[in-house]
Protein chains: 2
Amino acid sequence: MPGPRPAAGIVRVAVDLGPRSYEVLIGRGLLAATGQEIARLMPNVRAAVVTDTTVAALHLAALAQSLAAAGIDHVVEAVPPGEGSKSLATLATVVDALLAARLERGDVVIAFGGGVVGDLAGFAAAVARRGMRVVQVPTTLLAAVDAAIGGKTGINTERGKNLVGAFHQPSLVIADSGVLDTLPRRTFAAGYAEVVKYGLIGNADFFAWLEANWRGVFGGGSERETAIAEAARAKARVVSEDEREEKGTRALLNLGHTFGHALEAATDFSDRLHHGEAVAIGMALAFAFSAGRGLCAPADAARVVAHLTAVGLPTRIADIPGPPPTLTRLMAAIAQDKKVARGALTFILARGIGRAFVARDVPPDEVAAFLEARLSE
Amino acid sequence: MPGPRPAAGIVRVAVDLGPRSYEVLIGRGLLAATGQEIARLMPNVRAAVVTDTTVAALHLAALAQSLAAAGIDHVVEAVPPGEGSKSLATLATVVDALLAARLERGDVVIAFGGGVVGDLAGFAAAVARRGMRVVQVPTTLLAAVDAAIGGKTGINTERGKNLVGAFHQPSLVIADSGVLDTLPRRTFAAGYAEVVKYGLIGNADFFAWLEANWRGVFGGGSERETAIAEAARAKARVVSEDEREEKGTRALLNLGHTFGHALEAATDFSDRLHHGEAVAIGMALAFAFSAGRGLCAPADAARVVAHLTAVGLPTRIADIPGPPPTLTRLMAAIAQDKKVARGALTFILARGIGRAFVARDVPPDEVAAFLEARLSE
């Protein structure tokens with residue numbers, strides 16, 4: 001992988017939300033510019049960096065140096081890595097750290113990590129002193145193209161994931177694409193599934209570009225910034241149109257997620273299947289299901305499978321290591337995930353690559369028959 | 001006290017907040033109309049009533065009957081009465097009850113109680129499923145004229161009161177003035193201090209009207225609805241102008257609260273001094289301090305003391321039962337309560353009755369000297 005380059009080419013993507021608008025900055029080496037970017041937006045601010053111990057060991061020194069250089073006084077709260085930190089107990093710890101540092105409503109929380117840290121720190125910022133500002137500094141591809149943009153924050157409870165939280169838009173998102181060099185390949189690939197998703201939802205040209213350029217994205221070439229920026233633009237458009245998931249537009253982002261969540265639940269959210277891998281299988285299933293219903297050409301479904309396979313992502317339920325999930329468990333998870341309106345399920349289906357839509361009339365029996373056939377592949 | 005009258009004369013006060021606008025309904029016997037008012041606004045909604053065990057024993061049957069009559073399916077979560085329920089542990093219990101009942105984002109939380117229940121249930125609604133609707137049904141005078149209106153929700157932590165929370169506007173506020181008949185007189189009087197506050201801040205005519213009509217307000221005559229409506233209008237105006245306390249307008253509502261909070265802290269938030277009583281003493285002190293600085297006529301300060309005394313509220317630090325707070329403790333609480341900018345304190349002072357303003361230039365020494373003189377009275 002190439003070493004850090006100066007942050008010469010910063011791409012700025014605007015998230016247009018009226019008084020809550022903000023920018024997503026994307027570039028290699030941006031961590032070094034984080035302090036000055038925050039200071040420019042928030043003069044005289046004090047900060048709390050919320051991170052996890054893995055990210056702290058690898059990258060905290062660079063961030064702290066940048067903050068110090070910009071004269072930003074800060075404290076650090078590092079939580080254990082992993083989904084377990086999206087808990088009420090860890091939230092209380094983080095909020096207490098913000099209060100202990102005597103941060104005021106005008107001060108800022110810097111969420112420095114992947115999706116877990118972004119969701120946790122964003123939620124802490126939403127509720128500490130009834131709302132502090134938050135800057136998202138994602139350190140995974142998944143967070144850079146998805147979790148860090150759009151203001152969804154939250155924690156898990158025993159009753160399910162993300163059931164407690166807030167819509168709390170960041171004031172700024174700073175995605176240093178060079179930081180992603182340190183990600184395990186499997187983690188990077190899982191995040192890449194969400195990049196592919198934006199092409200499949202509404203941008204066939206972007207999908208074709210990814211088919212041709214994915215090696216550069218993985219390898220750390222300038223293609224990586226191009227891909228992140230395009231994904232961020234797509235996410236920004238959807239969020240601008242439907243900030244709080246009230247109009248249905250934002251539901252398109254769930255392409256692959258209903259099947260994916262069911263697979264994650266049926267494998268107990270274990271290391272057997274990362275979220276992005278579940279989304280990859282889910283997207284392949286959504287296209288296969290769409291093709292089976294005559295909605296999209298089988299060739300499109302095959303192209304989805306081919307590209308995901310090329311980058312090393314799973315596309316079949318059989319690709320999940322260990323014992324296969326049961327149909328009963330999958331259907332239970334699907335019924336719980338989506339409100340069943342008059343006996344029909346809501347799914348994101350597709351009329352082709354780049355042509356996803358919300359289908360609110362999917363009979364559960366049809367889904368069960370489809371999955372049963374997939375389970376015996 | 002008179003018994004329930006039909007809800008013939010409902011007063012409707014609008015809180016104008018653009019897409020987050022809502023109404024405050026005030027009237028005797030309104031509890032019986034709560035179900036139909038909610039059903040009119042939210043067809044087919046399901047509900048969770050969050051209340052405390054004291055309110056539940058007195059008034060839950062009436063509310064439940066009203067909801068049932070309107071066809072609103074609901075669950076009930078009753079927490080222990082008192083400030084102790086504004087805790088993270090109780091919040092977790094309430095949120096879990098909402099999730100256990102499988103309430104969706106479009107469903108509604110009914111906050112049925114005083115300020116504690118309003119703040120707790122409002123915050124639970126703000127964060128469960130990233131935001132459910134909340135209807136505030138205040139059962140104390142304090143909640144009806146203050147806490148239920150304006151969207152401030154939250155809980156306490158070991159580091160202080162209301163340090164964790166959200167701005168989450170209700171969809172509707174329903175204040176049944178008849179429910180207040182069951183309040184202990186001391187509790188009613190403490191709430192009345194906040195009614196007086198609105199007159200002192202910006203409406204000298206309202207203060208004069210209260211001087212003439214307070215017996216009707218306390219006795220449950222139609223003057224009570226008039227007073228609540230006027231207070232609600234005043235609160236609504238301030239909230240409309242400065243929803244999130246960003247412009248300073250909303251700071252005017254803190255008249256009497258800086259001195260008051262210091263007295264509450266110095267008496268350990270005990271039963272020796274209720275919040276409204278602390279505000280009453282605080283308002284008397286703010287006017288005395290203003291008069292001492294030559295800002296307002298001593299006669300105005302005397303009128304404030306006379307009216308508060310007439311209704312049975314304390315106005316002097318010496319009125320607090322038990323050992324008097326120390327000057328050191330009071331000044332420490334004042335310094336902690338308000339950000340000290342360049343060595344000066346921010347106080348709400350007055351140029352006369354109905355003419356409060358934000359003073360950002362108050363020297364701590366002057367406050368200390370003033371309080372020292374009051375402590376030796």
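Me: Which helices of chain A come within 7 Å, and at what angle do they cross?

Reply: In this predicted model, the axes of helix H6 (residues 185-202) and helix H10 (residues 275-292), both of chain A, come within 7 Å and cross at roughly 35°.

Me: Left-handed or right-handed crossing?

Reply: H6(A) and H10(A) make a left-handed crossing.

Me: And which residues in H6(A) and H10(A) meet?

Reply: From H6(A) come Arg186(A), Ala190(A), Ala193(A), Glu194(A), Val196(A), Lys197(A) and Leu200(A), and they meet His275(A), Gly276(A), Glu277(A), Val279(A), Ala280(A), Met283(A) and Phe287(A) in H10(A). Sorted by type, the residues of this contact between H6(A) and H10(A) are eight nonpolar, two polar and four charged.

Me: Switching to the two chains, how much area do chain B and chain A bury between them?

Reply: Chain B and chain A bury about 2500 Å² between them, with 53% of it on carbon and sulfur atoms. Of the area that chain B buries against chain A, 29% is supplied by Arg130(B), Arg159(B) and Leu163(B), more than any other three residues. The contact takes 29 residues from chain B and 29 residues from chain A.

Me: How many salt bridges across that interface?

Reply: Four salt bridges are found across the interface of chain B and chain A, while the count over all chains comes to 43. One pair, Arg159(A) with Asp96(B), joins two chains, because Arg159(A) lies in the loop between strand E7 (152-157) and strand E8 (160-167) of chain A and Asp96(B) lies in helix H3 of chain B. Their side chains meet at 2.7 Å, N to O.

Me: Which elements of chain B supply the side that touches chain A?

Reply: At least two residues each come from helix H3 (88-100), helix H4 (115-127), strand E7 (152-157) and strand E8 (160-167) of chain B. The residues on that side of chain B divide into 13 nonpolar, five polar and 11 charged.

Terms used: Residues numbered from 1 in each chain as written. Chains lettered and ligands numbered in written order. Predicted model: local features only at pLDDT ≥ 70, side-chain atom pairs only at ≥ 80, totals over all residues. Heavy atoms only, no water. Contact = heavy atoms within 4.5 Å. Buried area = accessible area lost by both parts, 1.4 Å probe. Helix = DSSP H or I, 4+ residues; strand = E, 2+ residues; numbered from the N terminus. Nonpolar A, V, L, I, M, F, W, Y, C, P; charged D, E, K, R; others polar. Axes fitted to C-alpha atoms, helices over the stretch in contact; angles between N-to-C directions. Left-handed = near helix turned anticlockwise from the far one by under 90°.
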